[in-house]
Amino acid sequence: MRIRVVVFVAALMTLLGRGGALRAQEPVTPPVPRAAFVGRVISGTDSSGVRSADIRLFRIDSTHTTRTRRGTDSLEIFVDTARSRVGITDSTGAFALRRLEEGHYLLHIRRLGFSPLEGVLMVDSGVVNSTMAMPQTSQLLAKVVITEMSEDRLKQKLDRVGFFDRSHSGQSGTFIDRAEILRRQSMTVADILSAYGIHEGNVTLDRMPSDFDMLRSYPADLVVGIEIYRHGAPTEFNMTRQGPGVLSPGGMSNLMMPTIIIWTYIP
């Protein structure tokens, strides 16, 4: 035993002699992604900017090719919602999604009154710039859909995502359905949330992590339900957003912010 102790002490003295006092290993902070997807969405009719278009980038996690019964190839695509991003165009149709990780993304763009756009986007370490034209279906379609949208369709969406189950199970949250949104005649998400005293928070939009400031101008006519949790969200949402840790910059204050879950009519 005495020999082992001497060896341990000698080794310790050697370490102290080389590097001074022993220091705890500092946590390694992952580098912040620097890629970006910026551009403008315009109308295919008159090239004017499309305001409040919903832009979603679904991060492709993996793909798998299978053979159908007819002998043709079928591609299955798996996405990672925690690394997917959502944004919205401003009054001129411009948008900017920054801090993107490198990789391939499925691109979906939606706006009432326009035919949707879909595609695949490859992002490297730089900036991807694009101008995209959306075919216009009807100038009056947006207002018609807002007032005549099937109530059953909205209820099906909220039922599918568990909105009603959580609201009826005694969850300590505030649940705002489509009828309440229409009653308040809100124009944007910020208008809806301010009525409940919410001016900041950690946000997910259809289970995708989102930036609160970017979604302030998100149109209320696209929203079918909102959940607000002031003191911790249900565990099922823990994996749908990359929440800050206690040791991250501003981590503790961010953890104390309310969690806001937004559901839209978009499938």
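This is a predicted model: local features need pLDDT of at least 70, side-chain atom pairs count only at pLDDT 80 or more; totals for chains, interfaces and linings use all residues.

Colleague: How many aromatic pairs are found in the whole structure?

Modeller: The search gives four. Rings of Phe, Tyr and Trp (its six-membered ring) pair if their centres lie within 6.5 Å; planes under 30 degrees apart count as stacked, over 60 as edge-to-face and the rest as tilted.

Colleague: What is the geometry of the pair Phe-163 and Phe-175?

Modeller: The ring centres of Phe-163 and Phe-175 are 5.5 Å apart and the planes stand at 90 degrees, so this pair is edge-to-face. Phe-163 belongs to helix H4 (residues 163-168) and Phe-175 to strand E8 (residues 174-177), so the pair ties together parts that are 12 residues apart in sequence. Helices (H or I, at least four residues) and strands (E, at least two) are DSSP runs, numbered from the N terminus.

Colleague: Is Phe-163 buried or exposed?

Modeller: Phe-163 is buried, at 3% relative accessible area, whereas Phe-175 is partly exposed at 22%. Buried means under 20% relative accessible area, exposed over 50%, and partly exposed in between (1.4 Å probe, protein chains only).

Colleague: Which residues do the ring pairs link into a cluster?

Modeller: The cluster consists of Phe-163, Phe-164, Phe-175 and Tyr-229.

Colleague: Changing topic, what sits over the ring of Tyr-105?

Modeller: The charged end of Arg-59 does, 5.7 Å from the ring centre. The criterion is NZ of Lys or CZ of Arg within 6 Å of the ring centre and within 35 degrees of the ring normal. Tyr-105 is in strand E5 (residues 103-110) and is buried, with 0% relative accessible area. Its C-alpha atom is 5.1 Å from that of Leu-121, which is 16 residues away along the chain.

Colleague: And Arg-56, which side chain does it contact?

Modeller: The side chain of Arg-56 makes a polar contact with the side chain of Thr-264, at 3.0 Å. Such a contact is a pair of N or O atoms within 3.5 Å; within protein, one must be able to donate a hydrogen and the other to accept it, and residues adjacent in sequence count only if both atoms are side-chain atoms. Arg-56 lies in strand E2 (residues 54-67) and is buried at 3% relative accessibility.

Colleague: Which residues make the nonpolar surface patch?

Modeller: Leu-75, Ile-77 and Val-79 make a patch of about 240 Å². Ile-77 is in strand E3 (residues 73-88) and is partly exposed at 36% relative accessibility. Patch residues have over 30% relative accessible area and no salt bridge; like charges are joined within 9 Å, and nonpolar side chains (Val, Leu, Ile, Met, Phe, Trp, Tyr) within 5 Å. A salt bridge is a side-chain nitrogen of Lys or Arg within 4 Å of a carboxyl oxygen of Asp or Glu. The areas come from the Shrake-Rupley method with a 1.4 Å probe; for residues, only the protein chains shown count as cover.

Colleague: Lastly, what is the phi of Asp-206?

Modeller: Asp-206 has a positive phi of about 50 degrees, although it is not a glycine. Most residues other than glycine have a negative phi. Asp-206 is in the loop between strand E9 (202-205) and strand E10 (208-210).

Terms used: Residues are numbered from 1 along each chain as its sequence is written. Side-chain values use heavy atoms; hydrogens and water are left out.
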